[in-house]
Amino acid sequence: MAPSKRKKADTDLGTMILRNIAIVMEREREKRGLTKKELVKLCEITTPYYFRILDATANPSLQVITRISTNLKVPLQDLMLGIKSDDI
């Protein structure tokens with residue numbers, strides 16, 4: 001039996017969270033003046049996976065989302081909701 005591939009988020013909520021993660025990642029990348037390659041390295045993900053996050057076709061595990069949050073120093077809630085804590 002071949003290993004299963006993670007399928008993309010198939011709910012509206014999953015897609016919304018993925019889009020928010022992409023928005024925050026791009027915001028942080030631009031704010032820090034990083035290239036996409038530098039951001040990928042910082043977040044410890046692959047370049048293809050990063051682009052799958054950006055186009056909302058990835059299905060990241062909680063471990064990956066937490067790693068992105070930690071490495072960007074962005075609270076998990078902010079990463080998933082696409083906001084900054086001081087916006088609430």
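This is a predicted model: local features need pLDDT of at least 70, side-chain atom pairs count only at pLDDT 80 or more; totals for chains, interfaces and linings use all residues.
Reader: Is Glu 28 buried or exposed?
Author: The cut-off for buried is a relative accessible area under 20%. Glu 28 has a relative accessibility of 5%, so this residue counts as buried.

Reader: And is Lys 31 buried or exposed?
Author: A residue has to be over 50% to be called exposed. Lys 31 reaches 59% relative accessibility, so Lys 31 counts as exposed.

Reader: Which residues do salt bridges that share partners join into one network with Glu 28?
Author: Glu 28 also forms a salt bridge with Arg 32, with the closest N and O atoms 3.2 Å apart. These two residues are both in helix α1, 4 residues apart. Through shared partners, salt bridges link Glu 28 into one network with Arg 27, Lys 31 and Arg 32.

Reader: Which residues does Asn 20 touch, not counting residues up to four places away in sequence?
Author: Asn 20 is in helix α1, which covers residues 12–32. Its relative accessible area is 12%, so Asn 20 is buried. Once residues up to four places away in sequence are set aside, Asn 20 touches Leu 79, Met 80, Leu 81 and Gly 82.

Reader: Which element gives the largest share of the largest nonpolar core?
Author: This core has 21 residues, and Met 25, Ile 45, Ile 53 and Ile 68 touch the most other members. The elements giving two or more residues to the core are α1, α2, α3 and α4. The largest share, 6 residues, comes from α1.

Reader: Which residues is Ile 68 in contact with, leaving aside its neighbours within four places in sequence?
Author: Ile 68 is among the core residues that touch the most other members, and Met 25 and Ile 53 are too. With its sequence neighbours within four places left aside, Ile 68 is in contact with Met 25, Cys 43, Ile 53 and Leu 79.

Reader: Within an arc of how many degrees do the buried residues of α3 fall?
Author: The buried residues of α3 are Tyr 49, Tyr 50 and Ile 53. They line one face of the helix, because seen down the axis of α3 they fall within an arc of 105 degrees.

Reader: What covers the buried residues of α3?
Author: Those residues are Tyr 49, Tyr 50 and Ile 53. Their cover includes α1, α2 and α4.

Reader: Which residue takes a positive phi just after α3?
Author: Most residues other than glycine have a negative phi. The residue in question lies in the loop between α3 and α4 (62–72) and is buried at 6% relative accessibility. With a positive phi of about 60 degrees just after α3, that residue is Ala 56.

Notes
Residues are numbered from 1 along each chain as its sequence is written. Side-chain values use heavy atoms; hydrogens and water are left out. Buried means under 20% relative accessible area, exposed over 50%, partly exposed in between (1.4 Å probe, protein chains only). Contact means heavy atoms within 4.5 Å. A nonpolar core is a set of buried Ala, Val, Leu, Ile, Met, Phe, Trp, Tyr and Cys residues joined through side-chain atoms within 4.5 Å. The arc is that of the directions from the helix axis to the C-beta atoms. A salt bridge is a side-chain nitrogen of Lys or Arg within 4 Å of a carboxyl oxygen of Asp or Glu.
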